[in-house]
Amino acid sequence: MYIMGMIILVIFAVIGLCAFLSAVIDFCCCKCRGMTIVLDDLEIDSAEARLRKAARMYKENCDSRLLVVCDKGEPAYDICELMKKEYPFLELISPEDIKIP
């Protein structure tokens, strides 16, 4: 039983060491620079989950932007406004504001 406990302890120690090294590497170097995350066609069912995932991606990357294309008439607009209070870096733009060259 002692050997089994030691094996489990070593496995968890290796996993913990890998997680620690990954966190240190993520802290020291940014993955991407100048990345723009654009969310479009938000549905009311998945809007919050998509916004939270995009916010997590924004926080992981240095020098990035998070744009949400949502019109005031869409049902997901209210969710975007609530999420903007929680994530002030979120930028709401309407489809008319998008300029395609």
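This short talk covers the nonpolar core and the salt bridges of one structure. Please keep in mind that the model is a predicted one.

I shall begin with the core. The largest nonpolar core holds 18 residues, and the members that touch the most others are Leu-42, Leu-51 and Val-68. Four elements each supply at least two residues of this core: strand β1 (36-39), helix α2 (47-60), strand β2 (65-69) and helix α3 (77-86).

Let us take Leu-51 as a case. Which residues does Leu-51 contact once its neighbours within four places in sequence are left aside? They are Leu-39, Leu-42, Val-68, Ile-79, Cys-80, Met-83 and Leu-90. Two of these contacts, Leu-42 and Val-68, also stand with Leu-51 among the residues that touch the most other core members.

I turn now to the charged side chains. How many salt bridges does the structure hold? There are 3.

We may start with Arg-52. The side chain of Arg-52 meets that of Glu-48 in a salt bridge, with an N to O distance of 3.0 Å. Both residues belong to helix α2 and are 4 residues apart, about one turn of the helix. Arg-52 has a relative accessibility of 30%, so it counts as partly exposed. Glu-48, with a relative accessible area of 39%, is partly exposed as well.

Arg-52 also forms a salt bridge with Glu-86, again at 3.0 Å from N to O. This pair links distant parts of the chain, since Arg-52 lies in helix α2 and Glu-86 in helix α3, 34 residues apart. For Glu-86 the relative accessible area is 44%, and this residue is therefore classed as partly exposed.

Next comes the salt bridge between Glu-91 and Arg-65, whose closest N and O atoms are 2.9 Å apart. Why is Glu-91 called partly exposed? Its relative accessible area is 29%, and the partly exposed class runs between the buried limit of under 20% and the exposed limit of over 50%. Arg-65, at 40%, falls in the partly exposed class too.

Finally, which residues do salt bridges with shared partners join into one network? They are Glu-48, Arg-52 and Glu-86.

How values were computed
Residues numbered from 1 in each chain as written. Predicted model: local features only at pLDDT ≥ 70, side-chain atom pairs only at ≥ 80, totals over all residues. Heavy atoms only, no water. Core = buried A, V, L, I, M, F, W, Y, C linked by side-chain atoms within 4.5 Å. Buried < 20%, exposed > 50% of the residue type's maximum accessible area, 1.4 Å probe, protein only. Contact = heavy atoms within 4.5 Å. Salt bridge = Lys/Arg side-chain N within 4 Å of Asp/Glu carboxyl O.
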